[in-house]
Amino acid sequence: MTEPVGVPPVSAPAQDSAGERHVKPGEGRTARPGDVAREALRQALSARREAASGADAAADSALDASGGVSSAGGDRPDDAAESAPATPGAETARRGGRPADLVREALRAARGGADAGAEAAPKAPRPEPDPAAARARSRTRGRVTDIRTHAVRELLGDAFRMPDLAAEPEEEHRTGALSGNSARQADDGSSPARAPAAPRVPRSMAAPGRDTELRRTFPAFPPRPSDDARFAETWWGNAWLTALEEGALDAKRLARGRGYAQQGHVDAIMVTPGLVLAYVRGSRPRPYRVQVRLRTLDDTDWERFLDAAAERPGHIAALLDKEMPETLADCGVPLLPGPGELEPRCSCPDFGHPCKHAAALCYQTARLLDADPFVLLLLRGRGERDLLDALSRRNAARAARAAQEREPAPLPGVRATDALAPRRLPPLPAPLPLPPHPEQPPVYPAAPGGPDPFALDQLATDAAARAHALLATGRDPVAELTLWQDAVRLAAARPGSGLTAGTRALYSSLASAAGRTPAELARAVAAWRQGGLEGLTVLDEPWDPPAGRFDRARPLLLAADLPAFRPWRNHLTHPNGQVQLRFGRDGLWYAYESEPTRDDWWPRGTPDLDPVGALTGLGTPLPDLDAPSNP
């Protein structure tokens, strides 16, 4: 067999300079291709280094002999390398072989050497199996299988239970037991089995931050009283439960599921199109993952539903009020599920249809439907906002079509040509006859904490009198009065002089409002009753009358056998200070009386143009006025 260039025979042992035999890897037994390839690679690299050093030495000798210049036949330094003794791998190194070429060459030599060694070496006999070792390996493999089977069963049984504080010691005990088994297997000399990782507790479905239009999460319901027989309040919630109960195969599982729902074993519920998902706590520490699937509606069914909802405005109003009209549910679209349409799935080992965990989720879903019928529409494939937008667009299109089909109604009002056309207005009707006197107002009952009925009667009577005067004369006689004058007028309208209980309260309130005393108000009321507004003016405002009638009054009084009255501005006072005459701006004489020596004048009698006539209206006879006053 021809050996490759630069690769020594595999079977030839190498010797060093001391003559000691160097045993190559794999010598003494059948050579493996890897060992042969490594040894060939070492020899190739060594040959390459020897060839390079020999070529450098020959080049240096040639340069020394010729003085650095080649003169005989154009000899080159490389020619010295050709005269160097050939070593393994020298030919490949001389051709400038790369390490990759050397590796490939070594692998070819190794493959050929391995084939030759396999043909030449006799086959070694197969060792006989040891029964004891086989039994030990079988026992170890069986224990590992039992441990892994137990761990898988625990993982499947408790895969979805929520974390429980009571379950943590048990989990640690189980982990410690598995570690102990592994240690015992290591002591026996068998390979230790890897302990299974503790099952990961699933998180709750309550993640409202991840909700979208087609994904809604509802928090867990609190436990319900056990004596509450009704689980659904609305007719559509009861229809959901009817579909569940009529499609169930075991009534006892339904009862246990109802108990789970009443006790609050159902965690947060996530609703997406065609799916209701939640974790339900059972008898094991970890909860079970429960799904209830429902077929979604296709586009044709949704078009029919939207047409039926937009046809009657009451349907949209009911949906906005979280109500589901029965007429809308009976529009030909299967909104509510029927028996057998609910498809429950649960991670528990119970194969009932449904199991108690799925039944608990269905009962809690009925409570969701009671609160919001849009949950049912989401289960059928459409979100709330999508439905409302579609109904709004459909209503707008329907209204636009109706407006186009309807003829324009005539605009209300009067045409401009008719309004601007000249016309004569009809005469006003004749006024109603004036009543002879104002009517008496009704009697106002007294109420605790209410207004004074006497004051109300006073105001109503005064308003009726003013209205009658305004209707008869066309002017309001009270419109130009001051606050004091109006208070005097109101007090003078009531009979009495402020001495009774009723008039005393009225006089006190009016005097307080006008800033006067009740005595001043009583004097002013007497002046108002004597001559009205002019009589009040005579009482409050003295003035200087012009020459004429005031000057002629004193001779007239002397002609009536009366003493000479003392004049002061518009006043004429009797010498004994008992009687006084006041001349008004209206030309009338007003008589006043007072107690002697007190100067407390009160209006008396009736005004008159003649001063003697004004005194005649007094109750005191004229001759008595001449009598001297008592000291």
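Helix H9 covers residues 299–311, and its 13 residues reach 18 Å from the first C-alpha to the last, close to the 18 Å expected at 1.5 Å a residue. Keep in mind as you look around that this is a predicted model. The buried residues of H9 are Asp 301, Trp 302, Phe 305, Leu 306, Ala 308, Ala 309 and Ala 310. They pack against four helices: H10 (313–320), H11 (326–329), H13 (374–379) and H14 (384–405).

Let's turn to helix H8. With 12 residues (251–262), H8 should span 16 Å at 1.5 Å a residue, and its end C-alpha atoms, 17 Å apart, agree with that.

| Helix | Residues | Expected span | End-to-end C-alpha distance |
|---|---|---|---|
| H9 | 299–311 | 18 Å | 18 Å |

After H8 comes Gly 264, which has a positive phi near 80°. Buried in H8 are Leu 254, Gly 257, Arg 258, Gly 259, Tyr 260, Ala 261 and Gln 262. Their cover includes helix H7 (235–247), strand E5 (275–280) and helix H12 (356–371).

Thr 573 belongs to strand E9, residues 571–573. Its relative accessible area is 12%, which is under 20%, so Thr 573 counts as buried. Leaving aside residues up to four places away in sequence, Thr 573 touches Phe 565, Arg 566, Val 579, Gln 580 and Trp 601. With Gln 580 there is also a polar contact, side chain to side chain, at 3.1 Å from Thr 573.

Key
Residues are numbered from 1 along each chain as its sequence is written. This is a predicted model: local features need pLDDT of at least 70, side-chain atom pairs count only at pLDDT 80 or more; totals for chains, interfaces and linings use all residues. Side-chain values use heavy atoms; hydrogens and water are left out. Helices (H or I, at least four residues) and strands (E, at least two) are DSSP runs, numbered from the N terminus. Buried means under 20% relative accessible area, exposed over 50%, partly exposed in between (1.4 Å probe, protein chains only). A polar contact is a pair of N or O atoms within 3.5 Å; within protein, one must be able to donate a hydrogen and the other to accept it, and residues adjacent in sequence count only if both atoms are side-chain atoms. Contact means heavy atoms within 4.5 Å. The expected span of a helix is 1.5 Å times one less than its number of residues.
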